[in-house]
Amino acid sequence: MSRKLAPWIITLAAAAITAVTAAPASAAIIDPAPIGPNQYFSGLVNGQPGHATIRMACFGPIRPGQTGHPFAGQTVEVLPAPVSATSDIGFNGSAAHDIDVHFPTPTVANAPVVLHDYAVTAPIPVSLTLPCFGGGPVTFVPHPSSPTARTATVTVSFVGQP
């Protein structure tokens with residue numbers, strides 16, 4: 001009896017392992033790829049393509065106009081996007097090979113974060129000076145620009161935390 005069940009058990013076990021390890025058809029895997037001209041893209045802040053939150057280190061009671069620095073561990077990235085995407089997508093135009101990420105800021109000292117590849121996260125610098133509360137746009141700007149380039153925007157909320 002065990003000789004007749006052994007092939008059936010092995011076949012069942014193999015099918016179960018295949019079912020568990022196979023990725024669903026809808027789970028797309030995006031490998032890092034260089035950013036280049038004439039490509040559509042979407043920006044992400046902390047993994048969100050739409051409204052995102054940036055957690056801010058702000059000490060004491062938060063008052064109007066107060067600024068602080070982003071907590072570590074927060075990121076930005078860009079992903080390729082289809083033309084039919086419903087979120088705010090950008091277009092690299094005829095010349096771009098990088099995306100410069102600009103943060104809303106009360107100072108001009110904040111340099112952009114430069115992204116060279118799709119699907120590679122970059123840290124939001126903790127050295128940035130940003131509002132402790134409120135909101136604003138984080139813009140993903142194709143670089144170098146061209147007449148056909150279009151910026152993508154992610155709206156963020158700043159949340160001050162002690």
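**Exercise 1. Is Phe91 buried or exposed, and at what relative accessibility?**

Solution. Start with the rule. Buried means under 20% relative accessible area, exposed means over 50%, and partly exposed lies in between (1.4 Å probe, protein chains only). Phe91 has 13% relative accessibility, so Phe91 counts as buried.

A note on the source: this is a predicted model, in which local features need pLDDT of at least 70, side-chain atom pairs count only at pLDDT 80 or more, and totals for chains, interfaces and linings use all residues. Residues are numbered from 1 along each chain as its sequence is written, and side-chain values use heavy atoms, with hydrogens and water left out.

**Exercise 2. Describe the aromatic pair in the structure.**

Solution. Take the rule for rings of Phe, Tyr and Trp (its six-membered ring): they pair if their centres lie within 6.5 Å. Planes under 30 degrees apart count as stacked, over 60 as edge-to-face, and the rest as tilted. The structure holds one such pair. Its partners are Tyr40 and Phe91, with 4.6 Å from centre to centre and 45° between the planes, and the pair is tilted.

Strands (E, at least two residues) are DSSP runs, numbered from the N terminus. Tyr40 lies in strand E2 (residues 40-45) and Phe91 in strand E6 (residues 89-91), so the pair ties together parts that are 51 residues apart in sequence. Tyr40, at 27% relative accessibility, counts as partly exposed.

**Exercise 3. Find the disulfide and give its handedness.**

Solution. A disulfide is a pair of cysteine sulfur atoms within 2.5 Å. The count comes to one. Cys58 is joined to Cys132, S to S 2.1 Å. The torsion about their S-S bond is about -100°, so the disulfide is left-handed. Cys58 sits in the loop between strand E3 (52-57) and strand E4 (67-70). Cys132 sits in the loop between strand E11 (130-131) and strand E12 (133-143). The two are 74 residues apart, and the pair links distant parts of the chain. Both cysteines are buried.

**Exercise 4. Describe the surroundings of Asn92.**

Solution. Locate Asn92 in the loop between E6 and strand E7 (98-102). Its relative accessibility is 0%, so Asn92 counts as buried. Now list neighbours. Contact means heavy atoms within 4.5 Å. Not counting residues up to four places away in sequence, Asn92 touches residues including Gly36, Phe41, Tyr118 and Ala149. A polar atom of the Asn92 side chain lies 2.7 Å from the backbone oxygen of Gly36.

How values were computed. Helices (H or I, at least four residues) and strands (E, at least two) are DSSP runs, numbered from the N terminus. A polar contact is a pair of N or O atoms within 3.5 Å; within protein, one must be able to donate a hydrogen and the other to accept it, and residues adjacent in sequence count only if both atoms are side-chain atoms.
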